[in-house]
Amino acid sequence: MTRRTRILLVALAAILGLGTTAFFTHASPQPAQSAVASRASITVDSVRPTIATWPVTLSASGALAAWQEATISAETGGLRIVALHVDIGSRVKRGQLLAELADATVKAEVQKAEAVLAAARADLRQAEANARRGQAVRDSGALSGQQIEQYDIAAQTVAASVKQAEADLASAKIKLAQTRIVAVDDGVISARSVSLGTVVSAGTELFRMVRGERVEWRAEVDAGQLARLKTGMTANVTLPGGATVAGRIRELAPTLDSQTRLAFAYVALPVQATIRAGGYASGTIALGEGPALVLPGSAVTVRDGRHYVFEIDAVRKTVVQREVATGRTAGTSVEIVSGLKAGTPVVLRGGAFLNDGDSVRIGKEGA
């Protein structure tokens with residue numbers, strides 16, 4: 001390559017380099033705008049807590065138990081059960097036949113007592129006749145005074161024997177009646193302890209029954225709660241199946257248990273087949289009425305087991321998360337026990353989508 005050609009190539013490269021520099025100098029890109037994304041805000045409606053008069057209740061739990069449980073036992077012993085007429089769950093009336101004991105030997109005792117009584121009465125007639133004859137000849141001297149007196153004493157002795165025989169017969173008849181086991185009151189049979197063919201002893205328990213089918217709720221309360229209760233107060237009891245029944249306090253325990261430091265409030269319940277003794281129930285006892293700071297339930301948010309509301313800062317248009325303590329509920333409203341003042345605007349609904357300090361657009365104020 002000649003010297004002239006090399007000079008031309010160098011000059012051409014220089015020209016191309018200057019053009020490229022000028023292009024990048026005049027066509028430099030515009031600086032990228034920083035994306036400052038402002039926090040998205042949502043529109044929220046507000047509501048203010050108000051003071052309302054609500055019923056004051058006391059919550060408690062306790063067992064469902066028979067109002068009174070009657071024990072039906074055998075009054076005579078050594079006899080075999082020959083018939084059972086009821087079973088567990090049977091509803092019975094006072095005097096209804098429940099079971100029968102073998103009565104053959106008792107009937108024989110009755111017959112024997114009747115025979116003894118008949119003989120004693122015959123002896124009494126003879127003794128009384130002798131006494132009358134003796135009195136008739138007292139003045140004639142046919143009989144000595146001693147003989148006449150003996151007749152009178154014999155008549156009195158036989159009369160006593162008649163009374164004893166009558167008592168023995170009455171006892172045998174009572175024993176015969178005791179072979180028929182009857183209900184001591186209206187109610188429902190809750191237990192049966194014997195079976196057909198069992199030989200019972202006197203005092204053997206045969207049946208248990210819930211008197212009048214009445215079951216009560218024995219609410220367990222402490223000393224402070226007991227002091228607030230009175231007989232006649234109404235209660236709403238939630239049964240194990242979920243049904244709710246109304247009752248009334250019939251009695252309060254006079255003492256507290258030395259171990260648990262609790263006492264019973266005995267709540268009488270209506271007679272219903274669905275209320276069964278032996279279950280466990282919860283309920284509330286109405287104590288009267290009192291003021292309550294109330295919010296709609298939608299304004300309260302639950303997070304990690306705690307309750308919060310979002311107070312609205314109208315100046316900054318932000319929300320402030322406040323922890324509150326809740327109490328009673330009524331319908332869709334809830335009582336705020338602490339953490340919030342009356343008249344403070346809070347978010348009506350949608351608190352689950354908010355965090356402390358979020359910007360919001362304030363909508364209408366709810367009721």
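Which residues does threonine 318 touch, not counting residues up to four places away in sequence? The legends below begin with that residue in a predicted model, in which local features need pLDDT of at least 70, side-chain atom pairs count only at pLDDT 80 or more, and totals for chains, interfaces and linings use all residues. Residues are numbered from 1 along each chain as its sequence is written, and side-chain values use heavy atoms, with hydrogens and water left out.

View A. Threonine 318 is buried, with a relative accessible area of 15%, where buried means under 20% (1.4 Å probe, protein chains only). Its contacts (heavy atoms within 4.5 Å) are Glu311, Ile312, Asp313, Gly357, Asp358, Ser359 and Val360, residues up to four places away in sequence not being counted.

**View B. The largest pocket.** This pocket holds about 320 Å³ of space; a pocket is an open set of points on a 1 Å grid over the protein atoms alone, where a 1.4 Å probe fits, with protein on both sides within 12 Å along at least five of seven lines, and lining residues have an atom within 4 Å of a point. Grid points are joined across faces, edges and corners, and the volume is the space filled by probe spheres set on them. Of the 17 lining residues, Val188, Val210, Ile275, Arg276 and Ala277 are the closest to the centre of the largest pocket. Strand β8 (residues 187-192) gives the most to this lining, with three residues.

**View C. The second largest pocket.** About 170 Å³ of space lies in the second largest pocket, whose lining includes Thr71, Glu75, Gln178 and Arg180. Two or more residues of that lining come from each of β3 (69-73) and β7 (180-182).

**View D. The open sheet β3-β10-β8-β5.** Four strands form this sheet with antiparallel pairing, two strands being paired if DSSP finds at least two bridges between them. At the edges stand β3 and β5 (91-92), each with a single partner strand, so one side of each is left without a neighbour in the sheet. Five bridges join β8 to β10 (residues 205-211), and glycine 187 has arginine 211 in β10 as its bridge partner.

**View E. The open sheet β7-β6-β4-β9.** Pairing is antiparallel among these four strands, and three bridges join β4 (residues 79-84) to β6 (residues 97-101). Leucine 84 stands opposite alanine 99 in β6.

Methods
Buried < 20%, exposed > 50% of the residue type's maximum accessible area, 1.4 Å probe, protein only.
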